Structures are given as structure tokens and as C-alpha cells.
Amino acid sequence: MVKAVVGEEIQLKSVEDRLSHSRLSCQVGLVIGKISTSLDRGFVFDLVPTPLNDAGEAASWIIESKDDNNNKKKGGSKSKTQSDSSSSLSIDKDWVAEHARQVSKMLVGGMKVVGIYIWMNESLFKNSTLVLCQTVKGVADAAPIRDIGWDERLLIHISYSPSRWTCRNCSLSSNITSSSLRPCDFKMGRVFSTLQKFRCIYNFDIRFPIFHESISNPKKFAGILRDVISSHAEELKGAKALINGNLVNVDEQCSFDGVLHEVEFLIPFMQHTSFQAYSEEEVVGILVFTGSVCSYAYSNSKESISQALADLKGDIVSSLHSRLDIICDEADGQLDSDSVADVGGEVSTQTPIPHLQLQSLRKGCSLCFPRRVFVPWLGDTYICDYLQPSETLEVVKDHCVELMSMEALTDTSMVLEPEAESATSMKFSTNSNSNSNSFWATAMPVSPELRPLSLNNSGDKGSVSGKQLEKSSSNISIIAALLVLFISVLVGLFLFAFRT
């Protein structure tokens, strides 16, 4: 449970001033911030209002019960002095959750959708706790916060009658009731001035085998790639890190000099052992997932370095998932159930790649992932967005205005574009109708001598003999090198003893 919450005073006062000068009787939106379980404290960066839906309607409105003629959506605009004794709050919970899902993709490490806020008077709030808790639960499901063990979200109430701010913890238990809300301390202060910024350029090369035995229970491309990303996330968790070129004690606080700190993750070199135990007959194809991810993370100066590195690793993984989500969303929009065809296992131009079943393909395919760009946000912080190869920065400008309630960017040169075009891509190579050597070169480009041997093809015996000769000559070279090293050590010791 978060015991205290600190909000960025300058930004929150600006939000309060904007709401006070509006004629809105209610408004719902997202709380963007950071939760530190080690400090038992939450930090609020900004409050982002949920935009109008596709029909031009507000996400929250007040329903009057006095008169049937007033049982309509008021769009959140009415006289603030109107009695609310018999009124009730209604929220488009699905639309708020969708807003949270899209906004979460634009946040970098250490920034999360940590709850919702509501602008309304005190009496109406007391009658609306259940619908507010349900909205919080929908937001938490749409924008989950993983790996911190926090099963709550924040509900910030900005009351205009009387004028005050209150913050509550909302439990995410399966049984949502009005008693799910518990108060916590809330105050305003300087939040951005205490942040440390970390940046990492992370390069990866993942090669994943697709097996024949999976044909009976095939999975689509998107499902397989999600498993690959999740598997690599576990490997990334154990990676050591260099910060500004130095090994550091990860238990210390983030009290570095300077503002920006460069991080490099060191993952142990893993030979392609997953391929060594399999023959060509067992593997249908190879999924090659390579690329470069630019990642940012923000950490409070009182948090440990290990937490900052965890936020950075989490940002790398969530960025890969976000790119895949964007591709799948686009494919779902293009997919027409009547146009899906399976032409003898060939790649159909009518079937989007995320919907392909790789086990049944007889031809390779490739796909470029969106690239990540970074947009200046509040203070010295950045948020991000993703661009498809055919998109321009105009798309980013529109997203920032619509989703983050930002002013339109006037100078696109402030947008950081550290990732090159097609920096992250996926390629699937099949074992059928392909040259064996080129196939295993794709599977294991570093160590070709580790490629599995197929004993059923013609000429296998000669191939095996050749491999054995290569291994024998390699072993002789190693023994010779060790012998030379041993003799050199003996000569050095002899010369040292002779001189003394």
C-alpha cells in the first residue's frame, strides 16, 4: 500500500486552474506518475483528461433523476451550483480503459498510468464511489503495472465544492465495492527536480526454432513472437549493467552527478545450444528477431540503482510488446474474414503476417517493426511514440495532442529519432525448399560447426567425417596453443629465478 503521494506542484496547479475556469461539472482522466514500493510512496507527474469518443461525447457525464427529460448525457457541462442530491455519475469505462491502453504505450521506463482522477463536487463523489472503483479496475487491466507487486491504483478527487484535493488507494480485488477505497496522504512538491534520467541503446539478436511437432497445435505469428519476447525478458532480468562505463553497486541510491546516465547491459554470451540437439527433420523453420531499441527511464534520486535498471529493462521489453501490438492492431483493421485464404501453405497476400501460422508456411516472410521516437514532455522528460515506415512526424503530433492533451508541436526538430528505419525486424526462414547450409547458417551464424547433422541425407557419412576432421584439427590447434603457453611460462620463471 502506498502511504503517501507527492504531486508535481507546478503541473497540478495548472490542471486545477484549467478546470476551475471551465464550465465542466465533471471530468475523468488518467493519473501519470511513478510508484516506488521501496519508498512506499507515489509520485504524480500529470493528469491527462480522457478525450471525447468517436461520437464526440465526453467520457463522463451526470445523470439527473428528478425529471425524465433530464435523464440525458450532459457532456459534463452544467451549472456547478446545481443540486446533486439525486444525481449520479456515469462513466464510459471502456473508453477510459482504451485511453489508458494507448497512453501506456507512450510512456517510458519509470512512468506509468497509476490511476484516474475525477473533477466533481464532494456530494456527488460520495454517491459515485462504485462506478469510480470499476473504472479504476478497467484502467488497471488495460494498462497493467508488472514486476512491482502493487495490486492497487490511485484515485485522485479534485473537488470544487469545497475546493480541495484528496487521494485514495483503490484495491484491485476481484470483488469491487465502495469499501475498496482507502485514504492516503497527498501533498504537492517538486517531483521532476528529483528525477535521474537513464538511457540505453540495446541491441538484440534472437533466433527461435519452430518445430514440426507444433503443427498439430499451431500458433499464429503474433503469439509465437510474444512468447519469444517474454522469454528474452527473463534473460534480460539477469543482465549486469555498466552505468557511464562503470560497474556500480546496485544497492546504492541514484545519486549520480549530472542529468543523463548511459547504461549498457551485459548479457552472457549464449551459444545456440537450443539448436544443437535437433536435426533438420525436427525443425520447420527459424524465427530471427533482431534489432536495436533506444530506451529511457526516470528514477527518483532516493530509489536504488537496481530499481532504475529494472525500469530500464522493463521499458525495453514493453517497447517490443508495444510495437507488436501496433502491428497486430493494424492487421486486425485490415483483416477481412472472407479474404483469408490458405493456398497450399504459401504466404497469402490477403493474410496479414501477424495472423499467419508459421508451422504451415513453405515460404519465408519478413516484417519491419515500427521505430521509436521521443517527444519532449514536462520538465526535461520525454515520452515516446512509434512510427510505421510510411508515417511521418505529423502522426506523432496528432497523438500527443489527442492522447496526452499537449499543445501541438511547432518545432519537430525537438523530436529525438535515435532509431534508424527498419532498426527492428523479424524474418522467418523455412527448412523446406531451402539449402541446408544456408538454413543452419541462419540458425547459428556464429558457430557453424555446431549445426546439427542430418544422417538421412545422401553423402552424410562424408559430411560427418569432414566434421570430425575439422573438430580434430581444431583440438590439435588448441593443444598446441596450450603447449606454447606452458613453455612460455616455464621460460619466464627460469629467467626470473636466474636474475634474482
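The legends below walk through close-up views of one predicted protein model.

Because this is a predicted model, local features need pLDDT of at least 70 and side-chain atom pairs count only at pLDDT 80 or more, whereas totals for chains, interfaces and linings use all residues. Residues are numbered from 1 along each chain as its sequence is written, and side-chain values use heavy atoms, with hydrogens and water left out.

**View 1. The whole chain, to get your bearings.**
The protein chain holds 10 helices and 17 strands. Helices (H or I, at least four residues) and strands (E, at least two) are DSSP runs, numbered from the N terminus. Of the 500 residues in the chain, 47% are buried; buried means under 20% relative accessible area, exposed means over 50%, and partly exposed lies in between (1.4 Å probe, protein chains only). Among contacts with a separation of 6 or more, 75% are between residues 24 or more positions apart. Contact here means heavy atoms within 4.5 Å.

**View 2. A barrel of strands.**
Follow the order E1-E3-E2-E6-E7-E8-E9 and you will trace 7 strands that close into a barrel with mixed pairing. From one strand to the next, the twist averages 35°. Two strands count as paired if DSSP finds at least two bridges between them. Strands of a sheet pair through backbone hydrogen bonds, either parallel or antiparallel. E6 and E7 (residues 152–160) are a parallel pair with 5 bridges, and Ile118 has His157 in E7 as its bridge partner.

**View 3. Two helices against the strands.**
Helix H1 (residues 9–20) packs on the sheet and touches E1, E2, E3, E6, E7, E8 and E9, with its direction at about 35° to that of E3. Helix H4 lies across E2, E6, E7, E8 and E9 and runs at about 155° to E6. For these angles, axes are lines fitted to C-alpha atoms, for helices over the stretch in contact, and values run from 0 to 180 degrees between N-to-C directions.

**View 4. The largest pocket.**
This pocket has a volume of about 1,100 Å³. On a 1 Å grid over the protein atoms alone, a pocket is an open set of points where a 1.4 Å probe fits, with protein on both sides within 12 Å along at least five of seven lines; lining residues have an atom within 4 Å of a point. Grid points are joined across faces, edges and corners, and the volume is the space filled by probe spheres set on the points. The lining has 39 residues, and Lys112, Pro144, Arg146, Gly314 and Ser318 lie nearest the centre. H7 gives the largest share, 12 residues; E2, H2, E6, H4 and H5 are among the elements that each supply at least two. By class, the lining has 14 nonpolar, 10 polar and 15 charged residues. Ala, Val, Leu, Ile, Met, Phe, Trp, Tyr, Cys and Pro count as nonpolar, Asp, Glu, Lys and Arg as charged, and the others, Gly among them, as polar.

**View 5. Strand E12 and its partners.**
In a regular strand the side chains alternate between the two faces of the sheet. E10 (residues 195–211) runs parallel to E12, joined by 4 bridges, with Lys197 opposite Leu260. E11 (residues 240–243) runs antiparallel to E12, also with 4 bridges, and here Ala241 stands opposite Phe265.

Most residues other than glycine have a negative phi, and most peptide bonds are trans. Asp40, in the loop between E2 and E3, has a positive phi of about 55° although it is not a glycine. Asp40 counts as partly exposed because its relative accessibility is 30%. Asn244 sits in the loop between E11 and E12, and its phi is also positive, about 55°. A cis peptide bond joins Ser161 and Pro162, with omega about -5°; Pro162 belongs to the loop between E7 and E8.

**View 6. Two buried residues.**
Phe125, in helix H3 (residues 122–126), is buried because its relative accessible area is 2%. Leaving aside neighbours within four places in sequence, Phe125 is in contact with Ile118, Met120, Leu132, Leu155, His157 and Arg168. Ser90 belongs to strand E5 (residues 87–91) and counts as buried at 17% relative accessibility.
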